[in-house]
Amino acid sequence: MFGLPQPEIQPVDFRDVSGRIRSVIDTIQKHDSVERFCSLGTKVMFGHAVFNDEHTVSLDGKKITAKTWVIATGSSPSVPKIEGIERTLYLTNRDIFYLDHLPKSMAILGAGPISIEMAQAFCRLGTKVSVIQRSSRILAREDSDMADAVMQNLRAEGVDFHLNTSVLSVQDLGDEREVMIRTKDGKTASIRAEAILVALGRAPNLRTLGLDQAGVEYDGKGLRLDARLRTTQKHIFGAGDVTGHTNSLTRQGTREEWC
């Protein structure tokens with residue numbers, strides 16, 4: 001263009017990229033360290049906590065009572081029941097930042113914010129990316145015009161999209177993973193990639209807390225909360241990812257949606 005030679009773009013050194021990501025994570029983690037919270041006057045204890053009743057928690061056998069409780073146990077990646085998934089190596093947003101090399105290709109299950117962010121990032125780094133989405137559009141919770149514009153730009157950058165597509169099964173082929181898909185018109189196809197990223201939402205970490213014994217209601221999306229973030233026990237509150245979708249604050253969009 002304009003008589004100037006095209007610049008030569010060198011391959012990405014993923015070790016440097018990965019090192020930068022880990023250094024940022026290490027910096028953030030210092031603010032969440034045990035030492036910092038202890039310096040602020042908070043007593044930190046580790047263990048498996050289970051409610052015995054609405055005021056008592058058993059922490060690895062030790063009983064702890066309190067007038068008020070806050071449940072902020074966060075969430076974990078939601079892994080769907082797909083044939084072969086338990087025998088196939090896959091990534092989630094929890095471990096994708098700790099890769100030791102750049103995958104040549106990646107199949108991403110889901111098309112929410114995390115999926116699309118990772119699709120763009122890895123595509124620009126040099127990975128061949130395929131996004132598989134069961135509905136007719138990406139970023140389903142966002143404005144459709146904006147979502148369409150994002151998809152068009154990512155397609156122009158090289159990301160493949162398979163919309164209205166269901167995942168039938170996955171299997172590990174050694175150096176590659178295979179994803180069997182079915183399109184809306186009933187056709188089946190195989191997508192092979194070095195890595196699979198499962199980004200199909202998150203599930204609140206609640207099922208092992210003994211909430212039934214405390215009289216706290218919840219479902220697969222999170223705690224049942226009122227506008228003041230109180231559970232069905234008014235002295236027990238919820239915060240963070242465990243708030244789910246059932247309270248008015250969440251409906252107003254204060255909680256980030258992953259997929």
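The structure holds 1 cavity of 30 Å³ or more. A cavity here is a set of points, on a 1 Å grid over the protein atoms alone, where a 1.4 Å probe fits but cannot get out. The model is predicted: local features need pLDDT of at least 70, side-chain atom pairs count only at pLDDT 80 or more, and totals for chains, interfaces and linings use all residues. Residues are numbered from 1 along each chain as its sequence is written, and side-chain values use heavy atoms, without hydrogens and water.

The largest cavity has a volume of about 70 Å³, the volume being the space filled by probe spheres set on the points. It is lined by 10 residues, those with an atom within 4 Å of a point. Asn93, Val198, Ala199, Gly201 and Arg202 lie closest to its centre.

Next, the cores. A nonpolar core joins buried (under 20% relative accessible area, 1.4 Å probe, protein chains only) Ala, Val, Leu, Ile, Met, Phe, Trp, Tyr and Cys residues through side-chain atoms within 4.5 Å. The largest has 26 residues, and Ile138 and Phe161 touch the most other members. H3 gives the most to this core, 6 residues. Helices are DSSP runs (H or I, at least four residues), numbered from the N terminus. Leaving aside residues up to four places away in sequence, Phe161 contacts (heavy atoms within 4.5 Å) Ile116, Val131, Ile138, Met151, Leu154 and Arg155. A second, separate core of 13 residues includes Trp69, Leu211, Leu223 and Leu225.

Terms used: Buried < 20%, exposed > 50% of the residue type's maximum accessible area, 1.4 Å probe, protein only. Helix = DSSP H or I, 4+ residues; strand = E, 2+ residues; numbered from the N terminus. 1 Å grid on protein atoms, 1.4 Å probe; cavity = no way out; pocket = protein on both sides within 12 Å on 5 of 7 lines; lining within 4 Å.
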